[in-house]
Amino acid sequence: MTHQFCADPVIADLWHPIAARADIGAGQMQETTLLDEPLAYTIDDAGNPAVWRSAGAQSLPVLERYGYLWTCLGNAPPDIFPIPEYAEPDRRRFNAASIGVHVSAPRAVENFLDMSHFPYVHTGILGDETHTEVKEYDVETSTERDEILATRCRFFQPKPSTAADHGVEVDYIYRVPHPYCAVLYKSSVIDEARHDVIGIFVQPMTQERIRAHMLICVLDDRSTDATIRQFQQVVFGQDKPILENQLPKRLPLDPKAESPVRADKVSIAYRRWLAHKGVTYGVIPVAA
Amino acid sequence: MSGAPDVMWYPVAASHDLPFRHVFHARLLDQELAVWRADDGFINIWQNRCLHRGVRLSIGINDGRELKCQYHGWRYANRTAGCTYIPAHPDRAPARTITNRVFPCVERYGLIWSALETPEGEPASGLSLDENPLVLRGIAVRAPSGTVSRALQDFHTGATVFVQPTDRAGCVIRGLISPAPEAAKRLETLRHYNDMFSALRDTAEQAA
Amino acid sequence: MMILYDYALSANGYPVRLLLGMLAIAHSTHFVELYPGRENHTAWFRNINPLAEVPVLDDDGVILCHPQAILIYLAARYDAQQSWYPASSAPLLGAIAQWLGFAHKLSETAGAARLHDSLFVATDIDAARTGAHRLLRVLDEHLWFAEQSGQNWLCPGGHPTIADLAAFPPIILSEEGGISRQEYPAVRRWCDRVKRLPGFTIMPGVFPAGPAWGG
């Protein structure tokens, strides 16, 4: 049986999430696809994860981070991007869901970075039609940290989280530390000085199909785990039909292909960053 | 018919496919189209993707004057296809360059005709048809339009039939009965041709 | 107070949520986390429904499992107009039962495809999609001819029935299972009509329709 090795070295030489640890029963073997390759994985009785290519049973490197198994099909970097907040003991930390979507990984990341859709797609929760303006915010592409950071993002939200009982203007920071992963830091309604951390770690099954893993790492002293997960599942479930109706499914990197506006500053930076890295998987590269 | 397919008229919908405030999802020669009738009667045929981030306009909202995209609420005007409102920047007029790609539209014989590039002349010119024929139910076939056209030639149907190529692997059979039968025979005529073309579809699909 | 055991992403719970909204029936919802919590498999829930499925309705001791059973009960008991499930018309009851059966087949095909593609539930995905398309083709023809006779709903009579509500969720969520509705224009128009019913509510995956009045 032949398998297609991902021809994009930038993407192949990265750690990618393949499963939430909590979804794997002890001793259970599960299968999935990563970059068009069928893989299998398990947690043994001693609690150690193992990942291998289904064709040929070749063992693959594996890391466990943030409650997920990560693997690499090419040359693995030394580690995965850091999220220091994950170590804070008073946080609620778990996977909200791992959901399959018919779209490319970069389209899903870009949707996660976008605020202007809140009043339309997440009406009554993350936005409403009386507050649609996206105020100026700042974007930095850092070569030394190899990531994008969007700061000073603000948006009025009727129900920003499970811990909130009324609408507030929420401060957001978006961070993209990996071509297919994004992290959101949103001002906590419980402690003004700290942030709720929500991550989307996208597993590229194929160029046009993903499994999106959603990390919850938040401050909430009143809701059950299931309630917090439900909130995130509802929000993502609302994004899904948008993502599945985007054409083309791969993200066009040519700045002339689509019509961004000022509110799209972070997505413009993201597309430029992917183009600069030479990413070809899941995108439509700029014509030579 | 002579001429390159891109510059030919094809029916892409029936008039009854455009009820009040609906957006019809059409396909012609691999091009997805969003087809909608405004309250003033004008029919818009646009490339089926919002210029912003590519979300299909066929899932958008037709409010009678504008088409609103589901993703960010961008609004596009009837007739001009220009973007009129970008909610993220409510105090700014959208750049005039944000205008959808439009396709030509003629409504005739109870069908909506379009083309990838505007052809010369009128659709179905040269056929002597009543202005108000009976429009048969369009039958989607998952077989190439060439195959279906050839199969139709073997049928002496009594209908005037057009084959709309949706993409390489599919088409829609759109027929007219001219002159339209009397009212009492209308439903049975519709059934008769529906069954006939459905049988042709089944045969073509099995062979495909 | 009536209790509905439900899950926010459940397509099976959706027809019940729709009818509760359209009949404006006061109720409380007890969310049962199917994924990832598998709360439906806990002892307390199996006690309520041994089949470990949602939705379940508990109306002051009347406990019903399965969405269609709940639809019939709610319509029979709470619909003052008796149009959602007109018990006095044998032909209509027969038609409704026929289309409820059809809706069930849609859940088994389009619904299974959705669970496969979103939550990786094992199924024969090709058979599910092929089966869904076969049903949608039949439905498109049925609805097209209904429109030609001035009918807007699955069953004749001029009013929507619980059959429309039962069929709607697997259809409107079909794209999540890789099933496009582009070839079914009459089905697409019917979906708009369902969305415009007074008391209609969305669920994640469903867009509201714009209003169809004014001008």
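## Chains A, B and C in a predicted model

The secondary structure of chain B comes to 2 helices and 14 strands. This is a predicted model, and the values below are computed from it.

### Overall form

Chain B has 208 residues, and 44% of them count as buried. Its C-alpha trace spans about 60 × 35 × 30 Å along the principal axes. Does its radius of gyration agree or disagree with that of a compact globule? A compact globule with 208 residues would have a radius near 17 Å; chain B has 19 Å, which agrees.

Chain A holds 5 helices and 16 strands. The globule rule gives 19 Å for its 288 residues, and the radius of gyration of chain A is 19 Å, so chain A is as compact as a globular protein of that length. Along the principal axes, its C-alpha atoms fill a box of roughly 55 × 50 × 35 Å. Of the 288 residues, 47% count as buried. Among contacts in chain A with a separation of 6 or more, residues 24 or more positions apart account for 61%.

| Chain | Residues | Buried share |
|---|---|---|
| Chain A | 288 residues | 47% buried |
| Chain B | 208 residues | 44% buried |

### Two domains in chain A

Chain A is divided into domain 1, residues 9-71, and domain 2, residues 87-284. The C-alpha centres of the two domains lie 24 Å apart. How many residues of each domain are in contact with the other? Domain 1 brings 16 residues and domain 2 brings 18.

Strand 1 of chain A has the largest share, with 4 residues. By type, this side divides into 11 nonpolar, 3 polar and 2 charged residues.

### Chain B and its partners

Chain B is in contact with chain A and also with chain C.

Between chains A and B, 18 residues of chain A are in contact with 18 residues of chain B. Which element of chain A gives the most to this side? Helix 3 (residues 118-121) does, with 3 residues. The chain A side divides into 9 nonpolar, 6 polar and 3 charged residues.

The contact between chains C and B takes 14 residues from chain C and 20 from chain B. On the chain C side, helix 5 (125-148) and helix 7 (185-195) each supply at least two residues. Helix 7 of chain C gives the most, with 4 residues. Here the residues of chain C divide into 4 nonpolar, 5 polar and 5 charged.

### A bent helix in chain C

Helix 4 of chain C covers residues 90-119. At 1.5 Å a residue, its 30 residues should span 44 Å; the end C-alpha atoms are 40 Å apart, which agrees. Where does helix 4 of chain C bend? The bend is at Ser107(C), by about 30°. Phe120(C) follows helix 4, and the phi of Phe120(C) is positive, near 60°.

Definitions and conventions: Residues numbered from 1 in each chain as written. Chains lettered and ligands numbered in written order. Predicted model: local features only at pLDDT ≥ 70, side-chain atom pairs only at ≥ 80, totals over all residues. Contact = placed C-beta atoms within 7 Å. Nonpolar A, V, L, I, M, F, W, Y, C, P; charged D, E, K, R; others polar. Domains from an automatic or database assignment. Expected span 1.5 Å × (residues − 1). Bend = angle between axes of the 7 residues up to and from the residue. Rg over C-alpha atoms; globule rule 2.2 N^0.38 Å. Buried ≥ 20, exposed ≤ 12 C-beta atoms within 10 Å, placed from the backbone.
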